[in-house]
Amino acid sequence: MNLFVRFFYTFRRWSKALKMFFILAGPGIIVMVADNDAGGITTYTVTGAKYGFSLLWFLILLGPVAYYVQEMTVRLGAVTKRGHAEAIFCAFGAFWGWFSILDLILTDWLTMITEFIGMTAALSIFHIPPWITVVGCCLIMVGMIMSGRYWTWEKIALFFCLINLIYIPCVFMVNPSVKDIALNCIPNLPPGGFTNELFFLLMANIGTTIAPWMLFFQQSSVVDKGMQVKDIKFGKIDTAIGSFLTVAVAMCLIIVTGKLLYGTEVGSAAEAAIRLMPMNQYIGSFLAIGLFDAGLLGAICISLATSWAFGEVFGWSHSLNNKIREAPWFYAYYFLVLAFAGIIVLIPGAPLVLITLFVQICATTLLPAALVFLILLLNDEKTMGKYKNTLYENIVNIGIVAVIIILSTLYGISAIFPNIFN
Amino acid sequence: MRISSKIFRTMVESIQEINRKYKKPQIQMTLFVKICLMALRVYLILLIGVMIFKFVTML
């Protein structure tokens, strides 16, 4: 009897905790899955086609890196109840605040364009004209926020996250060697040794794993959702699941392209999807659908990250729980970002390659600043109280941030001077 | 014309208010914080210098 009672109460405690988790989960999963945006999908496709399964181990390492960085935004948001932009303004003053927000606007607008490029390229495989894709995406994104409820927006975003997992069944369809996958999960140097191309691809993979908008998005999302200090542990689990999913999706994509396209020169994910069509129509179609979904999810999060940041700083109402008439400026800015990115993609002869390059350079200037501010804020006793970084967290986080800063700087410089490391 | 100038004026006033509101940094300015901010300034100046160099040599 005693055992039965104990079992009953343990079950009830766990089911309550699980229910609580499902209520609070969202920001971490969304930001991490959206991290595999159109640019990310292209990077993984190119990595798989060029190096096969050889770099799977590198992606496994990137999972914890993404988790540790994003987990800090959960704590910061839950403790301060401020978004990342507002937190920077408060802690470091107007100069660093304006620098961060202006750089974020520029980086996000340019990244939004790359998301639209990915989406139009993906749907053009199904003979859908770019203008229909752009208008359709804008309508979906406007429709998502029309309800005036954060909860509705989040559930729709989670549905798109679910579609992003489309690459997982593809792995079972190509039937890869489990032994090869397992062997390449151990760090090794790919055939051909350490070349400039390998270096560029490794840095591109890091660049897609940690992007500046992710810090701003997750912190604002935690605040908008109303997460409290007591919810931090659920936020951490949410982020951990998200980082697991993002790595799983990336690995699946590398396995599929590594198995079917290994040794071929592939320039983009859309090109890979076209090449895969004659080999296996389903895999080609899944890759295109996944690319479209990745672009859409990225665009949803990026446009919101900027709108939240603007709302926080200018003091506008900036919650997805507000109706359009209650937060007109917040939604106006959201629509403006969408319209701007969509129109640019439709302009014939627009310098899209230059824009993609410029995104990398802008992110290089913003990312180190955003990461340094994050570390400093998480070490400020006045701001964080007992939730500030512990010694262990500082060792891990400062180490990660230092490596990311060095590599993203090299990535940015190699984007400016393509032959510098030859 | 009037509407646009009104919007512009409102924007300028908002920016001035933000600058006043966040004039003083709230973070405890420890030596570590000061060093980090200084390093960040140097890093950004160097990076922008590299970009300007590239832009000038491209012209």
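A: As a starting point in this predicted model, Asn175(A) is exposed, because 8 other C-beta atoms lie within 10 Å, and a residue with 12 or fewer counts as exposed.

Q: Where is Asn175(A) found?

A: Asn175(A) sits in the loop between helix H8 (167-174) and helix H9 (178-184) of chain A. Its phi is near 50°, a positive value in a residue other than glycine.

Q: How does the radius of gyration of chain A sit with a compact globule?

A: The two agree: a compact globule of 422 residues would have a radius of gyration near 22 Å, and chain A has 21 Å. The C-alpha atoms of chain A fill a box of roughly 60 × 55 × 40 Å along the principal axes. Of its 422 residues, 53% count as buried. Among the contacts in chain A with a separation of 6 or more, 85% are between residues 24 or more positions apart.

Q: Which residues of the largest nonpolar core touch the most other members?

A: They are Ile254(A), Leu291(A) and Cys301(A), in a core of 138 residues. Helix H5 (residues 84-124) of chain A gives the most to this core, with 20 residues.

Q: What is Cys301(A) in contact with, leaving aside its neighbours within four places in sequence?

A: With those neighbours left aside, Cys301(A) is in contact with Ile30(A), Val31(A), Ala34(A), Trp213(A) and Phe217(A).

Q: Turning to H12(A), how many of its residues are buried?

A: Of the 29 residues of H12(A), 21 are buried, and the helix is mostly covered. H12 of chain A covers residues 232-260, and its end C-alpha atoms are 42 Å apart, which agrees with the 42 Å that its 29 residues should span at 1.5 Å a residue.

Q: New topic: chain B. What is its secondary structure?

A: Chain B comes to two helices and zero strands. Its radius of gyration is 19 Å, whereas a compact globule of 59 residues would have one near 10 Å. Its C-alpha atoms fill a box of roughly 45 × 45 × 5 Å along the principal axes. Of the 59 residues of chain B, 5% count as buried.

Q: Why does H1(B) lie largely in the open?

A: H1(B) lies largely in the open because, of its 20 residues, the number buried is zero. Its end C-alpha atoms are 28 Å apart, in agreement with the 28 Å that 20 residues should span at 1.5 Å a residue.

Q: How many residues does the contact take from chain B and from chain A?

A: The contact takes 19 residues from chain B and 21 residues from chain A. Helix H1 (2-21) and helix H2 (31-58) of chain B each supply at least two residues of the side of chain B that touches chain A. The largest share of that side, nine residues, comes from H2(B). The residues on that side of chain B divide into twelve nonpolar, four polar and three charged.

Q: Finally, what ipTM and pTM does the predictor give the complex?

A: The predictor gives the complex an ipTM of 0.86 and a pTM of 0.86. For chain B, the mean pLDDT is 82, and 95% of its residues reach 70 or more.

How values were computed:
Residues are numbered from 1 along each chain as its sequence is written. Chains are lettered from A and ligands numbered from 1 in the order in which they are written. This is a predicted model: local features need pLDDT of at least 70, side-chain atom pairs count only at pLDDT 80 or more; totals for chains, interfaces and linings use all residues. Two residues are in contact if their C-beta atoms, placed from the backbone, lie within 7 Å. Helices (H or I, at least four residues) and strands (E, at least two) are DSSP runs, numbered from the N terminus. Ala, Val, Leu, Ile, Met, Phe, Trp, Tyr, Cys and Pro count as nonpolar, Asp, Glu, Lys and Arg as charged, and the others, Gly among them, as polar. The expected span of a helix is 1.5 Å times one less than its number of residues. The radius of gyration is taken over C-alpha atoms; the globule rule is 2.2 Å times the number of residues to the power 0.38. A nonpolar core is a set of buried Ala, Val, Leu, Ile, Met, Phe, Trp, Tyr and Cys residues joined through C-beta atoms within 7 Å. pLDDT is the predictor's confidence in each residue, from 0 to 100.
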